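Here is a colleague's note for someone meeting this structure for the first time. Please keep the sequence and the coordinates open beside it while reading.

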Amino acid sequence: MKELIKALVETYGPAGCEDKVRELIAAEVQGLASKVEVDALGNLIVMVRGKGGGRRIMLAAHMDEIGVVVSHVDQQGFLRFQPLGGVQARTLVGGRVRFASGLRGAIGAEEKGLGQGDMPRIDQLFIDVGARSKETCPVHVGDVACFDRDFVDLGDRLMAKAFDDRIGCAILVQAMKEMGETPHDVYMVFTVQEELGLRGAQTVAFGVEADLGIAIDVTRTGDTPEARTMAVALGNGPAIKVKDRGMLTHRGVREWMAGTAQAVGLPYQLEVLEAGTTDAMAMQTSKAGLPVGVLSVPTRNVHTPSEMVDYQDVMNSVRLLVELLRRPVSF
Amino acid sequence: MLIQQLVEADGISGHEGAVRQVLIGAVEGYADEYRIDALGNLIVVKRGRGGAAGPKSVMVSAHMDEVGLMVTYVERDGTIRFSPVGGIDPRVVLAKRVRIGDERIPGVIGVKPIHLLEQAERERVLRFDQMGIDTGMSADEVARRITPGTYVAFDTSFQVLDEGGLRTVKGKAFDDRAGCALLAELLKESYAFDLYAAFTVQEEVGLRGARVAAYAVNPDVAFALEGTVCDDSPKEKDVSPTTRLGAGPALTIMDRSVVCDRRLVRLLVEEAEGEGIPYQIKQPGIGGTDAGAIHIQRGGIPSAVVAVPCRYIHSPVSVMSLNDFDHAVRLMKGALHRLEGGLEA
């Protein structure tokens with residue numbers, strides 16, 4: 001599964017520019033689906049028909065990652081930019097970005113007005129693509145870049161950009177490969193623009209009209225030095241969300257997920273996230289509403305170019321999802 | 001000029017009736033039908049000639065509402081307390097003339113003379129709740145005629161500043177009466193598809209009208225027309241102006257509310273370049289428009305934004321160029337006809 005993960009995280013796909021990720025996933029799921037569709041906003045909907053007697057289940061992972069959008073090219077050919085999603089300025093200086101064309105650039109900071117140890121604001125940063133002037137700069141206002149970082153296999157742990165949420169995409173694809181027969185009509189949905197406000201999930205939930213939804217996304221952990229308290233750690237199993245800032249998990253969904261993990265002997269941990277939310281929030285309040293839950297992959301350094309996950313957590317997430325889909329819903 | 005009639009009407013969010021009346025008068029002769037929905041959106045339909053290879057229905061929106069003030073409390077001495085409706089910088093309202101309610105009772109937002117200001121006060125921005133409107137009327141008269149909930153509009157007249165050159169004009173509420181005037185122009189032509197002109201309410205308080213209008217119309221494609229931020233005064237650093245006056249209509253790649261459909265942006269750029277219409281790309285990441293609400297309705301609606309740059313928006317007075325306006329009309333008409341042939345993937 002590491003090959004699939006590497007391909008997904010290294011693909012360019014900032015919010016609003018998910019095409020390459022969508023093409024990659026569409027190729028991976030070819031032959032596994034009863035129906036594949038792309039909706040008006042670019043969401044990829046992969047439907048696997050059940051053998052009957054089950055529910056209409058929507059599983060969502062978002063294809064987009066955070067990045068930057070160029071807001072100005074100055075006379076010297078330096079680029080100013082705006083964040084695309086929850087980008088933290090302190091993670092940027094000295095980092096690299098990559099445009100759709102493959103062109104890469106370095107992020108620098110203004111020196112005047114910034115003392116040593118000062119935290120730069122994003123408007124004090126710029127991207128240098130090696131251009132000598134505005135006229136010869138190959139980048140234009142409105143061009144979008146992702147952060148540039150290779151996938152690294154550390155053995156038990158993996159390190160890369162964009163585990164948020166390509167790891168969710170990888171888990172969905174892998175679950176589809178391993179799932180076999182299911183009683184449920186399963187809609188595996190790969191959404192766009194989650195990082196800009198769950199926009200893709202909102203429209204796709206309207207179209208799919210599921211009667212149960214699960215988002216697969218990352219969550220932060222409390223297991224690093226001097227971390228804010230949080231009872232989620234890398235390696236302790238997939239996290240079953242209880243709540244975050246945008247939604248409360250349906251009690252039945254949570255018990256179905258935890259009960260299934262217990263029944264088949266898979267480790268899991270319960271997640272209470274103080275900030276942030278997922279596509280499940282948009283799904284929950286679509287049309288007349290539906291019960292939702294979230295399967296979260298514990299991830300360190302979320303929204304930095306070096307996110308880290310535990311490979312066992314990833315594989316256990318796939319197993320849990322497969323077990324959930326093979327059996328009837330318990331509520 | 002329609003734009004003059006539109007900006008001299010008052011239509012603060014939630015109270016757009018006067019603007020709607022002006023618009024009905026302006027478009028009635030060109031429309032096949034129109035309706036006013038439950039929130040007050042004016043939806044004007046221009047039936048298509050048929051035979052569209054592309055979308056069957058296109059919605060173009062412009063919001064009728066403007067930012068302004070609302071009376072919250074009348075003091076015993078007749079001083080009127082107020083809150084902003086929509087996003088207003090408190091620094092721009094002091095010592096400005098206003099008109100209160102449908103009767104348009106004149107008033108002035110009071111300010112302490114400089115002679116009496118302590119040093120610390122000069123460096124501080126007053127909050128809205130520390131300001132008051134002075135009508136010059138007796139306390140009894142104010143109490144009789146003005147109640148909490150009454151809308152207060154900026155009292156600004158329309159004026160042509162320069163008849164040649166950039167053909168600049170000044171007035172209030174170019175955000176978004178510029179879009180309304182532009183949309184009225186589009187209705188004068190017919191297209192292969194059904195055109196739904198949605199003149200929306202309550203954009204400035206959270207895109208509320210556009211949301212229900214898009215749900216009801218359920219178009220294949222949508223455009224939002226705007227009067228947008230223009231900050232082209234000289235800067236110390238070589239950083240972006242959001243847009244520049246006179247440089248043509250501004251196209252949005254993305255703002256805080258929407259990532260515009262790339263096929264529609266390309267269509268607009270092709271039309272502009274093909275026809276020699278000046279255009280500019282608005283600095284990404286700034287502001288939000290009705291397109292933010294429209295594109296996520298139902299199963300998703302591909303959307304784009306075309307805007308006329310307006311200096312000093314969300315203040316009592318703004319400045320725009322009629323050249324930019326005319327270019328926006330040409331661009332949108334051309335783009336709509338181009339859309340009849342369909343959107344390339």
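1. What is shown is a predicted model, and its overall scores are ipTM 0.91 and pTM 0.94. For chain B, the mean pLDDT is 96, with 100% of the residues of that chain reaching 70 or more.

2. Chain A is divided into two parts: domain 1 is made up of residues 2-65 together with 161-326, while domain 2 covers 69-147. Where the two domains of chain A meet, 13 residues of domain 1 are in contact with 13 residues of domain 2, and the domain 1 side of that contact has 6 nonpolar, 4 polar and 3 charged residues. The C-alpha centres of domain 1 and domain 2 of chain A lie 31 Å apart.

3. The contact between the two chains involves 21 residues from chain A and 16 residues from chain B. On the chain B side, the residues that touch chain A comprise 9 nonpolar, 5 polar and 2 charged.

4. Chain A contains an open sheet of 3 strands, which are arranged in the order 10-11-17 with antiparallel pairing. Strand 10 (152-153) and strand 17 (307-310) of chain A each have a single partner strand, so they stand at the edges, and one side of each is left without a neighbour in the sheet. Strand 11 (residues 157-160) of chain A is joined to strand 17 of chain A by 4 bridges, the two running antiparallel; within this pairing, R157(A) has D310(A) in strand 17 as its bridge partner.

5. Strand 6 of chain B pairs in the antiparallel sense with strand 7 (residues 105-109) of chain B over 4 bridges, and R97(B) stands opposite V108(B) in strand 7. These two strands of chain B form a hairpin with 4 residues between them, and in the turn G101(B) has a positive phi of about 70°.

6. Strand 6 of chain B also runs antiparallel to strand 9 (residues 151-154) of chain B, to which it is joined by 3 bridges. In this second pairing, the bridge partner of R99(B) is A153(B) in strand 9 of chain B.

Terms used. Residues numbered from 1 in each chain as written. Chains lettered and ligands numbered in written order. Predicted model: local features only at pLDDT ≥ 70, side-chain atom pairs only at ≥ 80, totals over all residues. Pairing = 2+ DSSP bridges. Contact = placed C-beta atoms within 7 Å. Nonpolar A, V, L, I, M, F, W, Y, C, P; charged D, E, K, R; others polar. pLDDT = per-residue confidence, 0-100. Domains from an automatic or database assignment.
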